[in-house]
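Colleague: I am new to this structure and would like to go through its pockets, salt bridges and cores. Please show it to me before we start.

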Amino acid sequence: MAKTILFITASLDGFIASKDGSVDWLYSDQDYDYTDFYESLDLVVMGRKTFEQTLTFGPYPYQNKNSLVFTSKPEELKPKAEGYDNIAFTSQSPLEFMGEASKGDQKIWLVGGGNLISQFIRNNLIDEFWIYLHPIILGKGLPLFQDLNKKQELQLIDTTPFSSGMVRLRYQKIKN
């Protein structure tokens, strides 16, 4: 059965990016367990805006992993992914996609953004939440969670503090 993990960094006040989508405020001084996590993955999923933002960082950062981008207009994004055979686009809903993906044994990273994360939460599709709290208050930006209409109870698995002041909180969903 597929396992979906939200692995993301947020400011202390709950933003995943500045208002313009930039993440230049994130620490890059150490690995923060990223390499081990990344190597364990089968699939990387994200929304259109997150995909387009990753393209501004230089070469596509997930070149050696299969990637799926959720978008209402897949044909508009395909030219931006030329040369990357491992990127696919879907206009399916997360619920439709996970209905098919759950038949396999995959470890899926939900990269973002906030809108897609909220769709996954509303449909109870995230198994684990790895939230890295960055010791900064942005005051405004793109929120981690958007328009949630129900609660999702979580159980704390562990916490990991880092020397930079960053803290990783790992939660699993409580089966409903």
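Colleague: How much space lies in the second largest pocket?

Modeller: This is a predicted model, in which local features need pLDDT of at least 70 and side-chain atom pairs count only at pLDDT 80 or more, while totals for chains, interfaces and linings use all residues. Residues are numbered from 1 along each chain as its sequence is written, and side-chain values use heavy atoms, with hydrogens and water left out. A pocket is an open set of points on a 1 Å grid over the protein atoms alone, where a 1.4 Å probe fits, with protein on both sides within 12 Å along at least five of seven lines; grid points are joined across faces, edges and corners, and the volume is the space filled by probe spheres set on the points. For the second largest pocket this gives about 170 Å³.

Colleague: Which elements give two or more residues to the lining of the second largest pocket?

Modeller: Lining residues have an atom within 4 Å of a pocket point, and here they include Phe129, Ile131, Leu169 and Tyr171. Elements are DSSP runs numbered from the N terminus, helices being H or I with at least four residues and strands E with at least two. The elements asked for are strand 7 (128–134) and strand 10 (167–173).

Colleague: Which element gives the most to the lining of the largest pocket?

Modeller: The largest pocket holds about 1,400 Å³ of space. Of its 45 lining residues, the closest to its centre are Ile8, Ile16, Val23, Thr50 and Val111. Elements that supply at least two lining residues include strand 1 (3–11), strand 6 (107–112) and helix 5 (114–122). The most, five residues, comes from helix 2.

Colleague: Where in the chain are Arg168 and Asp33, whose side chains meet in a salt bridge?

Modeller: A salt bridge is a side-chain nitrogen of Lys or Arg within 4 Å of a carboxyl oxygen of Asp or Glu, and Arg168 and Asp33 meet at 2.6 Å, N to O. The two residues are 135 apart in the chain: Arg168 is in strand 10, and Asp33 is in the loop between strand 2 and helix 1 (34–39).

Colleague: Is Arg168 buried or exposed?

Modeller: Buried means under 20% relative accessible area, exposed over 50%, and partly exposed in between, with a 1.4 Å probe and protein chains only. Because Arg168 has 7% relative accessibility, it counts as buried.

Colleague: Is Lys151 buried or exposed?

Modeller: The side chain of Lys151 meets that of Glu153 in a salt bridge of 3.5 Å, N to O. Glu153 is partly exposed at 43%. With 64% relative accessibility, Lys151 counts as exposed.

Colleague: Which residues of the largest nonpolar core touch the most other members?

Modeller: A nonpolar core is a set of buried Ala, Val, Leu, Ile, Met, Phe, Trp, Tyr and Cys residues joined through side-chain atoms within 4.5 Å. The largest has 23 residues, and those that touch the most other members are Leu6, Val45, Phe97 and Phe120.

Colleague: Which element gives the most to this core?

Modeller: Elements that give two or more residues to this core include strand 1, strand 3 (43–47) and helix 4 (94–101). The most, four residues, comes from helix 5.
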